[in-house]
Amino acid sequence: MLLTVTTTHRPATDLGFLLVKHPDKVHSFDVPTGTAHVLFPDAADDRCTAALLLDVDPQRLGAARGGRKQQSAPESFALGQYVNDRPYAASSLLAGALAKVFRSALRGESKDRPELAEAAIPLEIHVPVLRCRGSAAELFEPLGWQVTATPIPLDDVPDGHPLAGDSPYVDLTLTGTLRLAEALNHLYVLLPVLDDAKHYWVAPDEIDKLLRAGAGWLADHPEKVLITRRYLAHRRSLAASALEQLDRVDPDSIDAPADTVTDEEAELPVARKQSLAEQRRDAVLAALSESGASRVLDLGCGGGALLGALIKDRGYTRIVGTDVSSRALDLAHRRLRLDQVPERQRDRVTLWQSALTYRDDRLRGFDAAVLMEVIEHVDPPRLPALEASVFGHAHPATVIVTTPNVEYNGLYEGLTGMRHSDHRFEWTRAEFQEWAARTASAHGYRIAFRGVGDEDETRGTPTQMAIFTTQPKEEQA
């Protein structure tokens, strides 16, 4: 299977420095499923092409699976290990080879051309044969690519009308001006997604690979749920965990596995239902708008989903996102593209590392604070420290808290525990209201409750929200 990367950036042969491969040599690498070769069929100052050729060994491919049943495998008959398209059609095998041979380029590192590694350059990616389930344009165009995906006919006839029709493969060409690291990470994730198959056992560590390669683009992609579900071989628990970490998307947004939808159903133009994460974000934004706040804290901001929406509203003159995780803040920084926005807009937004169970003077003086799906990640014995830090020490005029309603969990098919492996607890409506009332009374707040998401007659809504507002001093007395 073959993939080529071409640039016309001058001098174009600098592509060799970015890929850490000399254009005058053929480079070969041993990979679990065969041998990967990197060569440069075209290497001139005005145009340079690097080719990645993967020679698949069927016996080694079988050994790489470790005797386990292949997940999402398209070839399931007796001789499928030997009679298949794996040596020819781009797939997760090619993505794996790309990750090994272009490791530094994927990370955006170049010892010899560091400034070029950070620059967007003209690129053309060509994948001559790619098994494509769905639309390549829908996945690549939101990332800044111009996409040409030409179906490959099953037979070649002179009049251009193949008798057997088109095959499930396309000849894919992507053109655009992007950083090389961005381009390679797009390919690493989306090649197996379009193939809709993983040719090795998908374990939980695949989540980290997806989040690392998808940093800065996957969270904002309109097809992020589809991408995550396919990349993780339709393993619902892994997809739910990945989406929760990526953008705090809840399991209800991935209820229907892709393999339960027929091709005919997939083609029908149906209205997209707003996910619970989007409904929650909109409910928080509405509550913030009602409060009249202009200086807002997003406490436990994660990857920056809410921050991205806040930035779009000029009414918020000061926006701060905090998280205890430096990795989450790095994801938020990339997602918000703070290095690329105008300085006057960048000055409105700040990211701080801060633990909510410790008092932080920087958090004082804000109009509103949001704890969106945060408190359930705190160990119950540490909740009083969070209350003292946020409601007591920082004491913004408005505090908005959302958390899962555990009573609703019974409506999620296949969910046997809590909604996320990092949740320390999940409250019933009565438990949440009792905690909120006690906290409000202790720190001088009024309180109102709202539900978010589709309401069940007996179980309530999937998300519960409390809005704390400071009481006038005469009422507190």
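A search of the whole structure, a predicted model, finds three cavities of 30 Å³ or more. The largest cavity has a volume of about 90 Å³. Its lining comprises seven nonpolar, three polar and two charged residues. A run from Gly214 to Asp220 contributes Gly214, Ala215, Gly216, Trp217, Leu218, Ala219 and Asp220 to this lining. Leu211, Leu246, Gly303, Leu331 and Arg335 also line the largest cavity. Rolling a probe the size of a water molecule over the atoms shows where empty space is left.

Strand β11 covers residues 368–372, and five of its five residues are buried, so the strand is largely enclosed by the rest of the structure. In a regular strand the side chains alternate between the two faces of the sheet. In β11, Ala368, Val370 and Met372 point one way, while Ala369 and Leu371 point the other way; all are buried.

| Partner of β11 | Sense | Bridges |
|---|---|---|
| β8 (residues 295–299) | parallel | three |
| β12 (residues 398–404) | parallel | five |

Individual positions locate these pairings along the chain. Leucine 297 stands opposite alanine 369 in β11. Alanine 368, in turn, stands opposite threonine 398 in β12.

Together, β11, helix α16 (residues 383–394) and β12 make a right-handed β-α-β unit. The parallel pairing of β11 with β12 over five bridges therefore joins the two strands of this right-handed unit, and β11 itself is largely enclosed, because five of its five residues are buried.

Notes:
Residues are numbered from 1 along each chain as its sequence is written. This is a predicted model: local features need pLDDT of at least 70, side-chain atom pairs count only at pLDDT 80 or more; totals for chains, interfaces and linings use all residues. Side-chain values use heavy atoms; hydrogens and water are left out. On a 1 Å grid over the protein atoms alone, a cavity is a set of points where a 1.4 Å probe fits but cannot get out, and a pocket is an open set with protein on both sides within 12 Å along at least five of seven lines; lining residues have an atom within 4 Å of a point. Grid points are joined across faces, edges and corners, and a volume is the space filled by probe spheres set on the points. Ala, Val, Leu, Ile, Met, Phe, Trp, Tyr, Cys and Pro count as nonpolar, Asp, Glu, Lys and Arg as charged, and the others, Gly among them, as polar. Buried means under 20% relative accessible area, exposed over 50%, partly exposed in between (1.4 Å probe, protein chains only). Helices (H or I, at least four residues) and strands (E, at least two) are DSSP runs, numbered from the N terminus. Two strands pair if DSSP finds at least two bridges between them. A crossover is right-handed if, with the strands pointing away from the viewer, the path from the first strand over the helix to the second runs clockwise.
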